[in-house]
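Biologist: I've got a protein on my screen and I'd like to learn how to read it. Could you walk me through it?

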Amino acid sequence: MRFDENADLDTSNIDDLRGGGGGGGGVGGRVALGGGGLGIVGLILYFLLSQLGGGGAGGGGLGLPSGLGGLGDGQSADTSQAASSCRSGSQANTELDCEVVAVVNSLDGYWSDTFARSNITFSPPRTNFFTGGVRTGCGSATSDTGPFYCPGDNEIYIDLSFFRELETRFGAQGGPFARAYVIAHEYGHHIQSLLGTSERVRPGETGPTSGSVRLELQADCYAGVWAKHAESVPTASGRPLITDVTQQDVAAALDTASRIGDDYIQSQLGGGRVDQSQFTHGTSAQRERWYTTGYQTGEPARCDTFARGVNLG
């Protein structure tokens, strides 16, 4: 996977909070399950807290924060760092933060066009880079939570060091297309929020057929849909922003999906016992299956994990 070297990048939907004094608050942060659900590996925190006797709330999910507030008290958005270094596709090919900016640009382009063709109003999410901890519309969180989407403010949050964790702790293959899957998954939660799908899920609901699992698998499918069209989303110049997506890239994305299934996390990081009653994101096989469904069909309508009688895999 490569980015068009001459493409102009748009950082208008990026807030760079690194060094902004966001702070975490609480063990591992307490991000609202809310409408959009936790991030792609939010369940890790629950299992680690469970092993340590920590503060996971009833039903096996993370508790809602005591108050929902926006950014404040010393944390300010500053796009200057991202804007100064992320101006073209050439930087996206060499610098991680610019790579994420480019992926967000592509996601904005694909989903805005898809909504327009369906005559549905679209508003893109903001994406926030942070380091260590951050305050959000869903409360405070630390980097341990992993990337997440907050339905309280309709924004995506990511500490870029997470990608290194995926490779070093989880053994994922890594690479730009695998990293793009992570961003596209969180973006999928924004799509669910806009369409009202998130409201069908009760906070704290767990289990192999729970609404939480269905929501996460659908976000995986939406990520695959975008991936199918990634090479055709144009920049302002009319040329595709992303090129040269190979089968190896797709395999790397699937490998990442397999490393963050409930069963893999429980067996590898959660003490070795798989407890389906605590599933919140789906198994590794399910996550691969629904990403593949999106990638093979390229149709968001094929991602209805809430349909009556649907086989989740």
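Biologist: Is Thr283 buried or exposed?

Modeller: The general idea is that a residue counts as buried when its relative accessible area is under 20%. Thr283 has 16% relative accessibility, so Thr283 counts as buried.

Biologist: What about the chain as a whole: what share of its residues is buried?

Modeller: Buried residues make up 56% of the 313 residues in the protein chain. As for the surface, the chain exposes about 12,300 Å², with carbon and sulfur atoms supplying 46% of that area.

Biologist: And how many helices and strands does the chain have?

Modeller: You'll find 10 helices and eight strands. Contacts tell you how the chain comes together: of those with a separation of 6 or more, 76% are between residues 24 or more positions apart.

Biologist: How do I know which parts of the prediction to trust?

Modeller: Look at pLDDT, the predictor's confidence in each residue, from 0 to 100. The protein chain averages a pLDDT of 82, and 79% of the residues score at least 70. Over residues 21-76, though, the pLDDT is below 50. That stretch still has 151 contacts in the model, beyond near neighbours in sequence.

Biologist: Which residue does Glu99 form a salt bridge with?

Modeller: Its partner is Arg179, and the closest N and O atoms are 2.7 Å apart. That's another link between distant parts of the chain: Glu99 is in helix H4 (residues 96-117) and Arg179 in helix H6 (residues 176-195), 80 residues apart. Glu99 is buried at 6% relative accessible area, and Arg179 is buried at 17%.

Biologist: What about Asp255 and Arg259: how far apart are they along helix H8?

Modeller: Asp255 and Arg259 are four residues apart in helix H8 (residues 247-259), which means about one helical turn separates them. They form a salt bridge whose closest N and O atoms are 3.3 Å apart. Asp255 counts as buried at 10% relative accessibility, while Arg259 is partly exposed at 21%. Salt bridges can also join up: Asp16, Arg18 and Asp97 are linked in a network.

Biologist: Let's move on to rings. How many aromatic pairs are there?

Modeller: Two rings pair if their centres lie within 6.5 Å, and planes over 60 degrees apart make the pair edge-to-face. The count here is eight aromatic pairs. Tyr110 and Trp111 form an edge-to-face pair, 4.9 Å centre to centre with 75 degrees between the planes. Tyr110 is buried at 6% relative accessibility, as is Trp111 at 2%. Together with Tyr222, Tyr110 and Trp111 form one aromatic cluster.

Biologist: Which ring does the charged end of Lys228 sit over?

Modeller: The ring of Tyr295, with the charged end 5.9 Å from the ring's centre.

Biologist: One last stop: where is Val134 found?

Modeller: Val134 is in strand S4 (residues 133-136). Its relative accessible area is 0%, so Val134 is buried. The C-alpha atoms of Val134 and Tyr157 are separated by 8.3 Å, and these two residues are 23 residues apart along the chain.

Methods. Residues are numbered from 1 along each chain as its sequence is written. This is a predicted model: local features need pLDDT of at least 70, side-chain atom pairs count only at pLDDT 80 or more; totals for chains, interfaces and linings use all residues. Side-chain values use heavy atoms; hydrogens and water are left out. Rings of Phe, Tyr and Trp (its six-membered ring) pair if their centres lie within 6.5 Å; planes under 30 degrees apart count as stacked, over 60 as edge-to-face and the rest as tilted. Buried means under 20% relative accessible area, exposed over 50%, partly exposed in between (1.4 Å probe, protein chains only). A charge sits over a ring if NZ of Lys or CZ of Arg is within 6 Å of the ring centre and within 35 degrees of the ring normal. Helices (H or I, at least four residues) and strands (E, at least two) are DSSP runs, numbered from the N terminus. Contact means heavy atoms within 4.5 Å. Accessible areas come from the Shrake-Rupley method with a 1.4 Å probe; for residues, only the protein chains shown count as cover. A salt bridge is a side-chain nitrogen of Lys or Arg within 4 Å of a carboxyl oxygen of Asp or Glu.
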